[in-house]
Structures are given as C-alpha cells and as structure tokens.
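Visitor: Please take a close look at one part of this structure for me: the place where the chains meet. Then follow up with the aromatic rings.

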Amino acid sequence: MSHIDIELDTLRGKLMEMWDLVEYQLQSGREAMLNADHDLARKVVKLGKKVNNYDVKIDRMCENLLALYTPVAVDLRLVLATLKINANLERIGDTAEGISMYVQNRVGTYNPEMLDITRAVIMYDEALAMFHDCRLAYIANDTDQARAILKRDKMLNKIYRKSEDIIAHYLRNNPASIEEGLALLSIIKKLERVGDQVTNISEEIIFYQDAKVVKHKSKKKNKDKEDRSDDMQSQ
Amino acid sequence: MSKKFYKLESKNLNAFYGSFHALKNINMAMEEKAVTAFIGPSGCGKSTFLRTLNRMNDYIDGFRVEGDILLDGRDIYGRDVRVDELRKEVGMVFQKPNPFPKTIFENVVYGLRIQGIKDKRVLAETAENSLRQTALWEEVKDKLDQSALALSGGQQQRLCIARALAISPSVILMDEPTSALDPISTAKIEELIYELKQAYTIIIVTHNMQQAGRVSDYTAFFYIGELVEYAKTKTLFTSPKHERTQNYITGRFG
C-alpha cells in the first residue's frame, strides 16, 4: 500500500466516524421529538461539540494532504469531495441539534393528528433513510445508489411545500396549538434542508468516483453542458 | 472545414534501436506557441521521441525511424532536409547545463559564429536580446567576457536557453531542463518557459509531474513506447481517461 493510500484511508475513516456520530444525532433527534425525551435531546445537543471537533480535524487533514502530497486526479477529487461532505455532515448535525432544542423547549409530545396530516414523521424517516443509504453509497463507491438518492429528495420537498398550508389550516381550527404548529413547521423546514444536504453529499460521491459534476444540473437541464464537459474531452 | 494548423505532427511514427522497438506508432499533433509536456516512467520513449523531433538520434548506431514527423507541414526526415538547417529551427536544451568552456558572450553567439556571422553589432545585439529573454542580462551584463563556467547552475541553464534562442528557432525542445537545479532556479526556468511560449513552441520532457502541471498546456503520457494519453494538461491531471495514466500520475505505478 502506498504512502498516500494510507493517508487517504485514514481520512476516509475519520469521515466515517463523524458520519456515525451525525447519524446517531439525527436518529436520536427523531426519538427525542416523538417521545418528548429531554435527556436524549440534551445528549444530541452535547454531541455537537464532538462533531465540531471532527469538522475541524478533517479540514486540517485535507489541508495537510493538499500541502504535503499534492494529490491529483482521483486522489484530488477525494480530498475535495471530503472537504464538502465534511461541511454538509456538520450542517446535518446542527439540524439534529436544532430539532432537539425544539424538544427541550416543549413539555409534551406533538399532537398525533398534526404529525399525521403534515406527514412529518414519514418525512423524517425518509430523510434518515436517505442519509443512511448515502453512507452506504460512500462506503461502496456506488454512484448508482448516489444518483438514486438525488431523486428521492423530491418527496421531502413535496411534503415541505404542502406543510405550510396544512398547518395554517389546522391552526385556524385549533388556535391553542399555535406554538406547537410553528415548532413543527420549523422542524419540517429543517428536514427539507437535510434532504438538500444529503443530495449535496451524493453529488460529491459522484464527482469523486466518476469525475462528473452533477450539481445544479436538474435546474439548468442540459443547456450549458459545455462549461465543464468541454474540459473533459481529450485531444 | 479547414484543417487545423499544428506546428509539429507525428504520423505513424515508429523508432528502433537495432531490434528494440522504442516508439510504437505515435500519432500526435503539437500546437504552435504552446507548451507540450511529455511524461512517463524511465524507458517509456519520451526522450527518444523528443530527440527524433530534431533528429538528435541520427548518429546513434542502429537507430532508425519509420513514419513522418512534420514541422510546419514538412517532413523533417525528408531527403531534401539538411540537419543543420533543421536544428536552426528546432533548438534544444538538455538536462544538465552544458555551457562551452568559453566566455558568456561567446556561448550565446556560438550558433551565429557557426553560421558565419561576423558583424559585431549583430552579435552584440543578438547576445543582449537572448540574455534579456532569459532574464539573465541584468545578472551578467558586466561580465560578458568572463567564463560561463563561473556562473551558478541555474544561470548556466538560462545561458544555454539563451544560446538556443540566439539562432532564432521556432521550436525549443527541453529534456528535463530543471532536474539538476535547486527550487529557486527551477522556478526561474519555469517562469521563463511561461514567457517564452508567447513566441516559441516548447516541448518539455519532465519527471516532475507538478512541473508538467505548472508549465504545460498539453501533456502526453508515454508508457513502454506507446502514447497512452494526450490531453489538455488540466484534463489529464484532474480526470485522466486511462487507468494507466491515473496510476502513474497518482504515484501508484507497478
């Protein structure tokens, strides 16, 4: 095994450790929210510090790799992708903390009817499943799976777009639940962001493995295909 | 559609040292006023290829080439081509600085003297121009009559480049021009290459991958006599097409 392979493996290992922590945070955020479990919520928030340490450590490892090994091609793409995945993981961790803070600010559990009509739990489960599958795609270098995750984000967006009207309508009939409704709306908004961040991570996996830039492609369609693909052609 | 003009073109080029097949069917076109780098492990044929571009291998026993090398569309191995005329057009700089044991001035104007130019004004002007182009003028203008061997290694190499420029070639071949130099001299030569490509077509063989990345516009990767991949440098170093290229540039060879 060459010298740089050992360094890159260590980097990947560090990122996986952070990934596990963040997955635990997000998963526990869900449990804490559904069970109004304040202890668990406190634990999630506390873990944020550890995640931040990983964030700093991984950035530093990437900086060192770039400076000392001047990686190229697939190695360079791995380092660049790791930098971005790291940033997105850290944000997902923050989201889990944010959700847990909403839990800490409330006494009881959420009204089951409101959870049901907004499909908030379904949304949370899908966000968790996407995040989990994204991790598997990263470990297996499976870009097909990464591409599949990009499509799944649409479901989260759909639930998010409808949630505002649904909650507004519910609150009109149940004015006593305003605080609860607003908190749930904020959580749904955060979960929508998790979907975006998992999408970003999937895009980085594709970039690292296939040297293809897929981000921003869905909006622009194939209109400006030329910007980067032109560079990709050899003589 | 008009055909694109290339400064140098190699067509179905094969080269042999006796029975050893050193270059296998090389087809590539090199752009004018650009820097093309050749990379590859030792023995891959990159230096042999570089040297066929100004027929440096002609006098090696048992060496022969098949196929064509076109300079401005004209075959340099054609019967009507005189090697000394060719080398006026295609200059060369070697791995180790090789100044002649003469004064700095005489080193620079050596090629002109061979051509029979005696006009002192022409010689002096050419010497100054060439030394300015290699950013050496300010350093040596007061000691032109001193021995070139007293210069530092980096200065000697820039002097050799000045000597190559003095006969106004259009192509400059460089065979690992900085491998014997310290990082500061290396940086100066690299700066120089960057400047010179505005006026010259430069082909450089280098073992330093980062150097190829820094100075060249195009990179060709050779392996056991074959041209494996030839692309824009930024493409080759970010997303090479062939696994062999990737293994080589990422240091995972063999």
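Guide: Chain A and chain B bury about 1400 Å² between them, with 47% of it on carbon and sulfur atoms. Buried area here is the accessible area (1.4 Å probe) that two parts lose on being put together, summed over both. This is a predicted model, where local features need pLDDT of at least 70, side-chain atom pairs count only at pLDDT 80 or more, and totals for chains, interfaces and linings use all residues. Residues are numbered from 1 along each chain as written, chains are lettered from A and ligands numbered from 1 in written order, and side-chain values use heavy atoms, without hydrogens and water.

The contact (heavy atoms within 4.5 Å) draws 17 residues from chain A and 16 residues from chain B. Two salt bridges are counted between chain A and chain B. A salt bridge puts a side-chain nitrogen of Lys or Arg within 4 Å of a carboxyl oxygen of Asp or Glu. B:Arg252 and A:Asp5 form a salt bridge, at 2.5 Å from N to O.

On the side of chain A that touches chain B, helix 1 (3-35), helix 3 (73-104) and helix 9 (226-232) of chain A each give two or more residues. Helices are DSSP runs of H or I with at least four residues, strands are runs of E with at least two, and both are numbered from the N terminus. Helix 3 of chain A supplies the largest share, four residues.

Now the rings. Over all chains there are nine aromatic pairs. Rings of Phe, Tyr and Trp (its six-membered ring) pair if their centres lie within 6.5 Å; planes under 30 degrees apart are stacked, over 60 edge-to-face, the rest tilted. B:Tyr17 and B:Phe63 have ring centres 5.1 Å apart and planes at 55 degrees, so this pair is tilted. B:Tyr17 sits in strand 1 (residues 8-17) of chain B and B:Phe63 in strand 4 (residues 63-71) of chain B, 46 residues apart. B:Tyr17 is partly exposed at 27% relative accessibility, while B:Phe63 is buried at 11%. The cut-offs: buried is under 20% relative accessible area, exposed over 50%, partly exposed in between (1.4 Å probe, protein chains only).

B:Phe221 and B:Tyr248 have ring centres 5.0 Å apart and planes at 25 degrees, so they are stacked. B:Phe221 is buried at 0% relative accessibility. B:Tyr248 is buried at 11%. In chain A, ring pairs join A:Trp19, A:Phe131 and A:Tyr138 into a cluster.
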